[in-house]
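Hello,

I am passing this structure on to you, as promised. Please have a look at it first, and then read my notes below.

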Amino acid sequence: MPVDPIPSAMSAHDPAEELLPWYATGQLDEFDRARVEKHLYSCEACRAQVAFERRLMSEFRSTSPQVESGWARLKARIDPPRAAPAAKPPIFAELWAILSRPAVATLAAAQLALIVVGGGALYSLTRPDYHVLGSAPVPADANAIVMFQPETKEADVQAALNAAGASIVGGPTDAGAYVLHVDPAKRSAALRRLQADSAIRLAQPIDGTVP
Amino acid sequence: MSGESPEVSRSGILRRPRTEAARPPASDERELLARVAAGDLQAFERLYRLYQPRLSRFLTTLLRRPQLIEEVLDDTMMVVWQTADRFRGSSKLSTWIFAIAYRKAHKARLRWPDPVEDPEQDGRISEDPAPDDELHHQKLHDSLMRAMDQLSADHRAVVDLTYFHGLGYREIAEIVDCPVDTVKTRMFHARRRLKQAIGGSLADWL
């Protein structure tokens, strides 16, 4: 598809206009923020633009590519490959299959997962992601599942996972869930920590045991 | 307007933007990197799992060939593994790693230029049954993503680092190795293009 030239004649009507994206994402220092707010006070167009920026930000954060850990592949470049880990219990595979179904089945999957997981939070899922994923393989080292609140900032996700010592090893599923690996010996504490985090809608073990 | 009273709009449009969210303590990441520099594979796995989702997203925005994304991500992390001892801490660890990824992606794009776009992609929407409002939203989302595809890789990088990764313009300038004014200008033109692409549907977005 031909690409229109980027119009070079157009430029910001005020230096503050160029800062609006980072005003919307909260990434300006005090000086820049004061400058923007001073301009916004008298510029209706830029006030509308801030609303647009926030909409863009929300839209960009609403989708994310499927994360499949390539650790084994990378590790093979460093170390000789080792034996594959043992298969997970059946209930694990079952839950993963449910949560990685295509979007068309998301609501049914969410309701079924509600029964399996026993967590009420899945019920509040109202809008599926639009990209369709096939049924993904069960990540070998996953032992917990988590769902974040809508529009959770990526840094908040990282902070929550870090605090719990958890790593994402799969997802997002069409239900918007990610599967995690946590130290099995510390899983209960990690789940309690995740469940207490305001960015997190649901955190559960996924081998059927209660934390 | 007072700094203590950020609600500046009668229409409620403007709200105090979120302050920078708490990232993993820099000291934790530094400690992890120090272990990586000492050849601790377990620490490297932890670092990999911290960064792989973010780098996947960033590289997906930059590269249109899926096979390149894995390759560049692995190459990036191999550089981290091999040169961790050279990180001096003059920038954030995330800035250093993203800058490596950006350079690797740039080199990969020189070897493998972007594929020609599918001309039938325009107007294609999911065939999944969806309520009208969802369908409408999806059309808007699709038009936005198509508009992104038409931006240059340099512009896409700045947009992704700003909106998705929530980085400030100074950190972005370090990652893409250009002056901060260039970052601002790229962002200005990119969002103008995105806005044009949304076109008459703009009212639906607000």
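Let me start with the contacts in chain A: among those between residues at least 6 apart in sequence, 69% join residues at least 24 apart. Two residues are in contact here if their C-beta atoms, placed from the backbone, lie within 7 Å.

Before you go further, please note that this is a predicted model, in which local features need pLDDT of at least 70, side-chain atom pairs count only at pLDDT 80 or more, and totals for chains, interfaces and linings use all residues. Residues are numbered from 1 along each chain as its sequence is written, while chains are lettered from A and ligands numbered from 1 in the order in which they are written.

Now the overall layout. Chain A has eight helices and five strands (DSSP runs numbered from the N terminus: H or I of at least four residues for helices, E of at least two for strands). Their order along the sequence is α-α-α-β-α-α-α-β-α-β-β-α-β. Of the 211 residues in chain A, 42% are buried. Buried means that 20 or more other C-beta atoms lie within 10 Å of a residue's own; exposed means 12 or fewer, and partly exposed lies in between, with C-beta atoms placed from the backbone.

Strand β2 (residues 144-148) of chain A pairs with β4(A) in the antiparallel sense over four bridges, and Val146(A) has Tyr178(A) as its bridge partner. Strand β3 (residues 167-171) of chain A also runs antiparallel to β4(A), joined by three bridges; there, Ser167(A) stands opposite His181(A). Strands count as paired if DSSP finds at least two bridges between them.

Next comes helix α7 of chain A (residues 154-164), whose buried residues include Ala155(A), Val157(A) and Leu161(A). Their cover includes β2, β3, α8 (187-195) and β5 (200-205) of chain A, together with α2 (41-62) of chain B. Just after α7(A), Gly165(A) takes a positive phi of about 65°.

Finally, a spot in chain B: Asp85(B) lies in the loop between α3 (66-83) and α4 (93-111). Asp85(B) counts as exposed because it has 12 C-beta neighbours inside 10 Å. The C-alpha atoms of Asp85(B) and Leu33(B) are separated by 8.1 Å, although the two residues are 52 apart along the chain.

Best wishes
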